[in-house]
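Subject: Structure for your files, with notes on charged residues

Dear colleague,

Here is the structure I said I would pass on. My notes come after it.

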Amino acid sequence: MSRFEDPAILSCSISGAVANREQCAAIPYTPEEYAAEAHRAVDEGAAQIHIHARTPEGVPSYEIEDFRAITEAIRGAVDDVIVNYSTGAIGVPIEKRIEYLRELRPDVAALNMSSMNYAKYSRRRKEFVFKAVFENSFDTIIEFLNVMREIGIKPEHECFDAGHIANLDPLLDMDLLAEPLQISLVMGVTGGIRPNARNVAFMSEQIPGGAEGQNQWQVIGVSRDQWKLVGAALALGGNVRVGLEDNFYLPNGEMAKSNGELIAKARQMAEDMGRRTATVAEAREMLGVPRREPARAGS
């Protein structure tokens, strides 16, 4: 298969909910900074932008107006990009997370596919940096899915272990999902599957219809193991997500100066594997996400 027949979708998560500028100066806080980072990422080949909202002071936010300001700034800065909202949270009521989906109607919304221990562990300190139980019951998943189907949002199924992928099976049987699916294999979080290339292959084989079927899958590699996971996914025909939510560093150990630098490296890796990056239009077709006019306030 030639590189022109095997495009890779590059996604970028430009700012997570945990890290701050003391850790990485490039993390955006204001809508204008989000827009500039999104522009850099799209210029380097990103087709999808994943958004965790913040206030202009950098505090993680689940408020409609913060999501709105960031989204409008991004859409004003790029011709087109798939807008993907986070819905994951610990201690934030599901009603609040559904509220900004209903009001703003992004193209895609992340949907975590199982409850789990969710933690970061420091070997140097020999203690957990943080640890929590991340609730994503079938009741929660189905409530999100019903809302997403009602208002035309495509779910992105975030799977931290192989069993999380298997949780798609009953939802497909219940006709709650429409293929092609967008499935993310998340690796590098303590509590989830170990981050190595063999597990990328193993998890990709669990995708409904197989790794080479109609359903799209990507790797989200968290922290230092990201680049070997990116390489494994690209070699196996998958898509990839990089960005300052997941990892600050380039493969040579230098801290990235922007999300654009991370996307540029992922693009280079794809090209070195004989693949090319999908355009936004191609990514929309592959993911089953049509372009539409953004929702107006109150609609």
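This is a predicted model: local features need pLDDT of at least 70, side-chain atom pairs count only at pLDDT 80 or more; totals for chains, interfaces and linings use all residues.

Residues are numbered from 1 along each chain as its sequence is written, and side-chain values use heavy atoms, with hydrogens and water left out.

Salt bridges

A salt bridge here is a side-chain nitrogen of Lys or Arg within 4 Å of a carboxyl oxygen of Asp or Glu. By this rule there are 19 salt bridges.

In one of them, Arg-21 pairs with Glu-33, and the closest N and O atoms are 2.3 Å apart. This pair links distant parts of the chain, 12 residues apart: Arg-21 is in the loop between strand 2 (10–13) and helix 1 (31–43), and Glu-33 is in helix 1. Helices (H or I, at least four residues) and strands (E, at least two) are DSSP runs, numbered from the N terminus.

Arg-21 has a relative accessible area of 31% and is therefore partly exposed; Glu-33, at 29%, is also partly exposed. The classes are buried (under 20% relative accessible area), exposed (over 50%) and partly exposed (in between), with a 1.4 Å probe and protein chains only.

Glu-63 and Lys-96 form another salt bridge, with 3.0 Å between the closest N and O atoms. Here too the pair links distant parts of the chain, 33 residues apart: Glu-63 is in the loop between strand 3 (48–51) and helix 2 (64–77), and Lys-96 is in helix 3 (residues 94–104). Glu-63 is partly exposed at 40%, and Lys-96 is partly exposed at 26%.

Glu-127 and Arg-125 also meet through their side chains in a salt bridge (3.1 Å, N to O). Glu-127 counts as partly exposed because its relative accessibility is 38%, and Arg-125 is partly exposed at 41%.

Negative patch

On the surface, Glu-95, Glu-135, Asp-139 and Glu-143 gather in a patch of negative charge. Patches are made of residues with over 30% relative accessible area and no salt bridge, with like charges joined within 9 Å and nonpolar side chains (Val, Leu, Ile, Met, Phe, Trp, Tyr) within 5 Å. Glu-143 lies in helix 4 (residues 138–151) and is partly exposed, at 35% relative accessibility.

Regards

Conventions: Accessible areas come from the Shrake-Rupley method with a 1.4 Å probe; for residues, only the protein chains shown count as cover. Lys and Arg count as positive and Asp and Glu as negative; His and the chain ends are not counted. The place of a charge is taken as NZ of Lys, CZ of Arg, CG of Asp or CD of Glu.
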